[in-house]
Amino acid sequence: TEVDFTNTAGGSGLLKVCKIAGSGILPFTNFTFVMAGASFTVPAGFCVERGLLPVGTVFTIAEMPSSRTVTSAISVLPADRQGTVDLAGGTVTATIGVGVTEVYFTNAVR
């Protein structure tokens with residue numbers, strides 16, 4: 001009798017979205033994001049947990065545009081989970097991994 005096993009990464013990972021207050025942005029300024037059709041707010045200088053998602057889930061987060069600010073940087077940690085970044089559109093695609101996946105948006109005043 002022979003039995004074959006295939007191991008795959010499973011479980012869930014925590015997603016955190018963080019807003020960095022860039023040049024001219026005051027801490028506690030609220031910014032609105034959309035993920036999977038649901039909007040949420042992240043104050044500048046803080047992170048918000050978006051829950052546990054299955055490992056391997058690919059997601060896109062979009063920051064809602066503002067006439068007063070511009071998105072100046074977007075990054076994902078760990079970096080190997082980062083997908084496509086559209087700085088002009090204020091979006092990032094990333095993949096949930098084991099542990100914590102953090103997405104950082106930085107804005108500056110126009």
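Student: Which residues lie nearest the centre of the largest pocket?

Tutor: This model is predicted, so local features need pLDDT of at least 70 and side-chain atom pairs count only at pLDDT 80 or more, whereas totals for chains, interfaces and linings use all residues. Numbering starts from 1 along each chain as its sequence is written, and side-chain values rest on heavy atoms, with hydrogens and water left out. A pocket here is an open set of points on a 1 Å grid over the protein atoms alone, where a 1.4 Å probe fits and protein lies on both sides within 12 Å along at least five of seven lines, and a lining residue has an atom within 4 Å of a point. Of the 13 residues that line the largest pocket, those nearest its centre are Thr 29, Phe 31, Ser 66, Arg 68 and Thr 69.

Student: What volume does the largest pocket have?

Tutor: Grid points are joined across faces, edges and corners, and a volume is the space filled by probe spheres set on those points. Computed in this way, the volume of the largest pocket is about 190 Å³.

Student: Which strand gives the largest share of the lining of the largest pocket?

Tutor: Strands are DSSP runs of E with at least two residues, numbered from the N terminus, while helices are runs of H or I with at least four. Three residues make up the largest share of the lining, and they come from strand β2 (residues 30-35).

Student: How many helices and how many strands does the secondary structure of the protein come to?

Tutor: Read from the N terminus, the elements run β-β-β-β-β-β-β-β-β. The count for the protein is therefore, with strands and helices taken as DSSP runs, zero helices and nine strands.

Student: Over how many bridges do β1 and strand β9 pair?

Tutor: Two strands pair if DSSP finds at least two bridges between them. Strand β1 (residues 12-21) runs antiparallel to strand β4 (residues 47-54), joined by seven bridges, and there Gly 13 has Leu 53 as its bridge partner. Towards β9 (residues 99-109), Ile 20 is bridged to Thr 106, and the two strands pair in the parallel sense, with a bridge count of nine.

Student: Which residue in the hairpin of β7 and β8 takes a positive phi?

Tutor: Strands β7 (residues 82-86) and β8 (residues 91-95) pair antiparallel over three bridges, with Gln 82 opposite Ala 94. Four residues lie between the strands of this hairpin, and the positive phi, near 70 degrees, belongs to Gly 90.

Student: Is Ile 96 buried or exposed?

Tutor: Ile 96 sits in the loop between β8 and β9, and its contacts (heavy atoms within 4.5 Å) beyond four places in sequence include Gly 13, Leu 53, Phe 59 and Thr 101. Buried means under 20% relative accessible area, exposed over 50%, and partly exposed in between, with a 1.4 Å probe and protein chains only. Because its relative accessibility is 2%, Ile 96 counts as buried.

Student: What is the relative accessible area of Ser 66?

Tutor: Ser 66 lies in the loop between β5 (58-63) and β6 (69-77). Its C-alpha is 9.5 Å from that of Arg 110, although the two are 44 residues apart in sequence. Ser 66 is partly exposed, with a relative accessible area of 23%.
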